[in-house]
Amino acid sequence: MRVSRDEALGRAGALLRVGDLAGVAQIATQLLSADPRDVKALHLAGIVAMNARRYGAAHQYLSRAVALNPRDATLQSDLGLTFLKANLPDQAEIALSRALALKPDLAAAQINLASTLARLGRFAEGVPLARKAITSQPTSPDALLALGAALSGLDEIEETIAAYRQAVSLAPNRPDLHAELGSALMSMGDIGGSKAAFLEAIRLQPDEGEWWLRLSRLPNAGLDQQALRDRYEAARDPLQRSAMGFALARALDESGDKLAAIEMFIAANGAKRATFTYDDAETEADFVSMEAVFTEEMFRANQDAGSRDVTPIFILGMPRSGTSLVEQILACHPEVFGGGELLAMGSEIHRAAGFPGTAPRLAALVPSLTKSQVTEIGDSYVARLRKLSPNARHITDKLPGNFARIGLIALALPNAKIIHVRRNPADNCVSIFKNEFGSLHTYAYDLTELGKYHRHYQRLMAHWHRVLPGRILDIDYEALVAEPEAESRRLIAHCGLEWSDECLKFFNARRSVRTVSAAQVRRPIYRDSIGIAERYGSALVPLLEALGQGGNA
C-alpha cells in the first residue's frame, strides 16, 4: 500500500518522539529519493545525522534545507545546534541569531544561543537569553542547563548549582543532566557530590563512555574495573570505545598497574585517532610560516598599532603544563579575575578574516591587516573580556593554544602580559596522552605525532622569545612546585601587582574551573606528577624518539 508524503512525515514525527532514529532515517531516505528538494525530509535527515554525531552530514542536510527555505526559524535553529555540537560556536552564533531574528520568542534558539555564548566565553550575554527561555518554558531542563552554563562562567556558584539541580528534578531520568550537575560540582571542588552525580548518570546509561570518563577524572574515583572493562569490550563505536578505554586506563593507573595502564591508554588514543585526520607536516609548515612573517622588523613597523589596554593576562603553553595552576594562583589576587579558557581571540581572528569557518592561517591573514584593523582586534577582544568582569584590573585568558597566536597578541595588545608555562617535555606529553580532549588537540592521540608537535611548539616559542625579547615570562612547572612562594611572587611582580598572601591559598578559591585539571587545582601544591614519564617503560619509546630524547626519559 502506497503511503502519502503527509502520512510518512507523520510517521517519522512519531518515531522521532520515541527515539527511533533508524526508522526516521529510512523514511527521510525514501522521501528524498522521491524529491531531493523536500525540505521536511532534509530536516529529518539532518536531525538523524546530528543525533548520530555525524555533524558533517547533518550540516549538509540542514544547509540544503535552509537554502530552500531561509525564512524557517526552526531550520536555522537546528543548523545552529549542529554547529554547536560540532564545536563551531562562531558559526552556531550566526545561524541561531538568524533564527531569533525570524522568530524572537523561539525558545530552542534562545537556549542554544545562550549555550553558544557560554562556549565563546560571553557568559553575561547568555544569562538573559536563558532566562527568557525559562519564562516561556519553565519546565524545560535544557533552558536551566543553558542558564547554569552561563552563571558558571560568571562564578555565580550557588545559582549555578541550583539551576542544575532544578534541571535534574524536572527530568531525573536524563543521564546527561546528572552528568552536567556532576561536572559543575567538580568545577566547584565538591568531589563527593560530583561522584554521586556521575554514578547516577552511569546507572541510567551504562553504555555511555562519556559518563565513565568524567567519573574517572575524580581523585580516588573507585571505578568498577570489571564492569567498565565489559562495557569497553562490548563497545563498537570508536568514540565510545575510546572514552571507556581512557576511563579504564585511568583506573588501572590509579591502582598502580602502570604497564597495563599505558597499554590501555595507547588503545584508547588509537581508537580516537582513527576517527579524524591530522597532518603533522601541515602543522610544521604553518608554524614555520609564522616565523617568516612575525619578524623583529614587522613588530618595529607596527609598534604604533594595537590597543593600549592593560586588562589581559594571557597564560599559555602546552595543555597539561600547569596553566590551570598558574591561573588559579593569579585569580586569587584581589585585582585579577580568572577568565578560564576563552575562545575570544579565535573569534576575533575569524571576524578579521571576514568569515566564521575554519580558522585562517595567521601568516596569511596578518600581513593583509591595516594598523587600524589590528587595533580593532585588540579593542574588540578587550570588550569581550570586560563582559566577564567590568571592574577587575586584570582578566586572565588561559587558553593554552594561544602560544601559536603570540605574534598577533603582541601586535594587537602590546601592553598585555604574556605568561608561558612550560614543563618537562616527556612528562608534559605523557600527561596529555593520558587525557581525552574531545575534538581538540588532534596531534595528541599518537605518541609520535604528539612528540613531533611538542618540538614544533618549542621551536615556535624560541622564535617568539627572539623577536619579542622581554615580553614573555616563562614559568617552569617544576620550579613552581619546588618553590611555590618564590615563583608565585615572581609571577605577581611580572603582572605589575602588589603581592597578596591569598595567592598561596589557590586551592581554597571559590571559583569554577572548567578544564580536565578541575580536581587537581583544588589540592595544595603536590609533586607526584613530576617524573611521570619514567613510570611507563619502553611503551613510551616512540614518544621519546620523536622528542629527540633517544628513548630516554
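**Helix packing, positive phi and cysteines in a predicted model**

Colleague: At what angle do helix 3 (residues 39-51) and helix 5 (residues 73-85) pack?

Modeller: This is a predicted model, in which local features need pLDDT of at least 70 and side-chain atom pairs pLDDT 80 or more, while totals for chains, interfaces and linings use all residues. Residues are numbered from 1 along each chain as its sequence is written, and side-chain values use heavy atoms, without hydrogens and water. Helices are DSSP runs of H or I with at least four residues and strands are runs of E with at least two, numbered from the N terminus; axes are lines fitted to C-alpha atoms, for helices over the stretch in contact, with angles from 0 to 180 degrees between N-to-C directions. The axes of helix 3 and helix 5 lie 11 Å apart, and the packing angle is about 25°.

Colleague: How are helix 3 and helix 5 oriented to each other?

Modeller: Angles under 35 degrees count as roughly parallel, over 145 as roughly antiparallel, 65 to 115 as roughly perpendicular and the rest as oblique. The angle here is about 25°. Helix 3 and helix 5 are therefore roughly parallel.

Colleague: Which residues of helix 5 make the contact with helix 3?

Modeller: Contact means heavy atoms within 4.5 Å. Helix 3 contributes Val-39, His-43, Ile-47 and Met-50. From helix 5 come Thr-74, Leu-75, Asp-78, Leu-81, Thr-82 and Lys-85.

Colleague: Is Asn-220 buried or exposed?

Modeller: Asn-220 sits in the loop between helix 13 (209-216) and helix 14 (225-234), and has a positive phi of about 55° although it is not a glycine. Most residues other than glycine have a negative phi. Buried means under 20% relative accessible area, exposed over 50%, and partly exposed in between (1.4 Å probe, protein chains only). With 62% relative accessibility, Asn-220 is therefore exposed.

Colleague: Is Arg-320 buried or exposed?

Modeller: Arg-320, in the loop between strand 1 (312-317) and helix 19 (323-331), also has a positive phi, near 65°. Because its relative accessibility is 18%, Arg-320 counts as buried.

Colleague: How many disulfides does the structure hold?

Modeller: A disulfide is a pair of cysteine sulfur atoms within 2.5 Å. The sulfur of Cys-495 has its closest cysteine sulfur in Cys-503, 9.6 Å away, which is too far for a bond. The sulfur of Cys-503 has its closest cysteine sulfur in Cys-332, at 6.4 Å, again too far for a bond. The number of disulfides in the structure is 0.

Colleague: What is the relative accessibility of Cys-503?

Modeller: Cys-495 is buried, with a relative accessible area of 2%. Cys-503 also counts as buried, and its relative accessibility is 0%.
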